[in-house]
Structure formats: structure tokens, C-alpha cells
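Dear colleague,

I am passing a structure on to you, and you will find its sequence and coordinates just below. Please look through them before you read my notes.

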Amino acid sequence: MTIYIGNVSYKLREDDLQAAFAEFGTISSVKIIKDKVTKKSKGYGFIEMDNEEEAERAIEAMNGKELQGRALKVHKAHPRKEEE
């Protein structure tokens, strides 16, 4: 399952995000979205977890939790919509 993490501190690194979510289970990938030009964080990212139950626990526990001074917005990621 892919988890969306919003309201992420611009200073947060992918390692920090992985460490914060690692207690809930195995993480297969972590990606903080960055601006293509400036390479600075856009303030959100995604975590991929193979186990659905672990992902649900992570969402439940981490939504609204403060990390580096910001309350995270955590929910199941929705697939990107095709542009028409």
C-alpha cells in the first residue's frame, strides 16, 4: 500500500521519514517529492509498505502526529488521475 504523507517539514529527509514509520513494519520505499528545478522539498512524500495491516496501523498512528514541528497528514495514497 502506498501512504501519502503531507505537511512534512521542508528540512525532513527521507531517512527521517523512514525512521518515523519503521516501527509499524517493513517499508519498501520512501520518497519525498522535490521541485525539479530547485531540488527543495515540496512538503509531502510517499511511503510504500507491502503489508496492508502494517500500513493501516501506520496511518492510524501517524496522522496528526508532530514531526519536526509539523502535524503530519497521513492517509492512503490515491492513484494519479490521467489528464484528459
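This is a predicted model: local features need pLDDT of at least 70, side-chain atom pairs count only at pLDDT 80 or more; totals for chains, interfaces and linings use all residues.

Residues are numbered from 1 along each chain as its sequence is written, and side-chain values use heavy atoms, with hydrogens and water left out.

To begin with the fold, the chain has 2 helices and 6 strands, where helices (H or I, at least four residues) and strands (E, at least two) are DSSP runs numbered from the N terminus. Read along the sequence, these elements follow the pattern β-α-β-β-α-β-β-β. The radius of gyration of the chain is 13 Å, close to the 12 Å that the globule rule gives for 84 residues, so the chain is as compact as a globular protein of that length; the radius is taken over C-alpha atoms, and the rule is 2.2 Å times the number of residues to the power 0.38. Along its principal axes, the C-alpha trace spans about 35 × 35 × 20 Å.

Of the contacts in the chain with a separation of 6 or more, 60% are between residues 24 or more positions apart, a contact being heavy atoms within 4.5 Å. The accessible surface of the chain comes to about 6,000 Å², and 46% of this belongs to carbon and sulfur atoms; such areas come from the Shrake-Rupley method with a 1.4 Å probe, and for residues only the protein chains shown count as cover. Buried residues make up 35% of the 84 residues, where buried means under 20% relative accessible area, exposed over 50%, and partly exposed in between (1.4 Å probe, protein chains only).

In soluble globular proteins, nonpolar side chains tend to be buried together. Here the largest nonpolar core has 21 residues, among which I5, L17 and F21 touch the most other members; by a nonpolar core I mean a set of buried Ala, Val, Leu, Ile, Met, Phe, Trp, Tyr and Cys residues joined through side-chain atoms within 4.5 Å. At least two residues of this core are supplied by each of β1 (2-6), α1 (14-21), β2 (27-34), β3 (41-49) and α2 (52-62), and the largest share, 4 residues, comes from α2. If residues up to four places away in sequence are not counted, F21 touches I5, I27, I47, A58, M62, L72 and V74.

Turning to the aromatic rings, a search of the whole structure finds 3 aromatic pairs. Rings of Phe, Tyr and Trp (its six-membered ring) pair if their centres lie within 6.5 Å, and planes under 30 degrees apart count as stacked, over 60 as edge-to-face and the rest as tilted. One of these pairs, Y44 and F46, is edge-to-face, at 6.0 Å centre to centre with 85° between the planes. Y44 is partly exposed at 27% relative accessibility, and F46 is also partly exposed, at 26%. Ring pairs link Y4, Y44 and F46 into a cluster.

The structure holds 1 salt bridge, in which the side chains of D16 and R13 meet at 4.0 Å, N to O; the term stands for a side-chain nitrogen of Lys or Arg within 4 Å of a carboxyl oxygen of Asp or Glu. D16 is partly exposed, with a relative accessible area of 24%.

Lastly, K73 is found in strand β6 (residues 73-76) and is exposed, with a relative accessible area of 54%. Although K73 and Y4 are 69 residues apart along the chain, their C-alpha atoms are separated by 7.8 Å. Leaving aside neighbours within four places in sequence, K73 is in contact with Y4, I5, G6, N7 and N63.

With best wishes
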